Amino acid sequence: MPVGDMQYPHPSVGSRVPGPGIDLQPLVLTACPVVTGGRHMVKVTIVFNSKEDTIRVNDRILRKIESPKAPHLSAAVSRLNRRILVILNPFSGKKCAPKLWETYVAPIFRTSHIDYDFIKTDYERHAVEIAKNVKLDKYDGIAVISGDGLILEVISGFLMRADRERALKMPLAHIPGGTSNGLAASICFQCNEPFSARNVFCTEMALMVVRPRYLPLRINHVQTELDGDKPMFMSITWGLIADIGSFY
């Protein structure tokens with residue numbers, strides 16, 4: 001997944017030396033090819049004979065990888081860079097989410113010129129309040145770095161809104177940072193992206209934020225007598241327990 005990035009690095013060992021009257025212009029592309037079962041960030045330098053050729057190819061690449069507009073945004077919203085709200089649970093899984101963000105996700109966002117706001121959850125159901133009050137037109141989507149539970153909190157917050165039909169159209173990205181990352185694994189499987197349940201596959205999910213393809217998620221909404229409304233996704237477990245008495 002290339003990202004056009006106009007850079008003009010200093011000549012290094014092995015660089016071509018331009019001939020008389022030729023001013024070579026490099027174009028540095030950042031790509032994430034599949035290497036040994038996962039995606040890894042690499043930089044590729046292409047050299048052109050003129051600055052005009054470099055700019056033309058760069059513009060063509062940028063048009064090719066331009067992302068579609070998020071389905072929840074109003075028609076009046078227009079911005080140069082996409083903006084993402086990042087919600088991270090620092091206690092999910094083995095408390096590795098902050099390190100996963102800095103190591104795998106943040107570099108891809110910065111390279112791809114993704115603007116973002118960053119929030120760490122401080123307490124249980126904090127993400128519910130965030131999703132309940134977020135300004136929909138401010139962001140192109142929400143990236144959740146945690147397990148499946150924080151995704152469920154965001155959906156719960158959307159369901160509490162007066163404009164919940166529009167809020168539920170807001171794209172959600174699951175960056176696997178918890179013990180259970182079933183949604184992220186399911187998305188990777190459906191999109192034919194490499195992943196392993198026992199290894200880190202944050203890069204693959206971060207790239208989906210950079211170059212999104214919006215897919216619907218089926219949500220089941222259950223009303224219970226004691227706990228109120230409960231949104232569910234991926235699976236529902238229902239059980240009936242009978243009292244067993246002892247007779248003498």
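Reader: In which sense do strands β10 and β11 pair?

Author: Antiparallel: in this predicted model, β10 (residues 220-224) and β11 (residues 228-232) pair over five bridges.

Reader: And what joins β10 to β11?

Author: A hairpin, running through three residues.

Reader: Which residue in β11 does Gln-223 stand opposite?

Author: Asp-229.

Reader: OK, switching to helices. At what angle do α2 and α7 pack?

Author: About 30°, and the axes of α2 (residues 97-111) and α7 (residues 202-210) are 9 Å apart. Angles under 35 degrees count as roughly parallel, so that is what α2 and α7 are to each other.

Reader: Left-handed or right-handed crossing for α2 and α7?

Author: The α2 and α7 crossing is right-handed.

Reader: Which residues meet there, in α2 and in α7?

Author: From α2 you get Leu-100, Tyr-104, Val-105, Ile-108 and Phe-109, and they meet Cys-202, Thr-203, Ala-206, Leu-207, Val-209 and Val-210 of α7. Sorted by class, this α2 and α7 contact has 10 nonpolar residues, one polar and no charged ones.

Reader: Which residue just after α6 takes a positive phi?

Author: Asn-192, with a phi of about 60°.

How values were computed
Residues are numbered from 1 along each chain as its sequence is written. This is a predicted model: local features need pLDDT of at least 70, side-chain atom pairs count only at pLDDT 80 or more; totals for chains, interfaces and linings use all residues. Side-chain values use heavy atoms; hydrogens and water are left out. Axes are lines fitted to C-alpha atoms, for helices over the stretch in contact, and angles run from 0 to 180 degrees between N-to-C directions. Helices (H or I, at least four residues) and strands (E, at least two) are DSSP runs, numbered from the N terminus. Angles under 35 degrees count as roughly parallel, over 145 as roughly antiparallel, 65 to 115 as roughly perpendicular and the rest as oblique. A crossing is left-handed if the near helix is turned anticlockwise from the far one by less than a right angle, and right-handed if clockwise. Contact means heavy atoms within 4.5 Å. Ala, Val, Leu, Ile, Met, Phe, Trp, Tyr, Cys and Pro count as nonpolar, Asp, Glu, Lys and Arg as charged, and the others, Gly among them, as polar. Two strands pair if DSSP finds at least two bridges between them.
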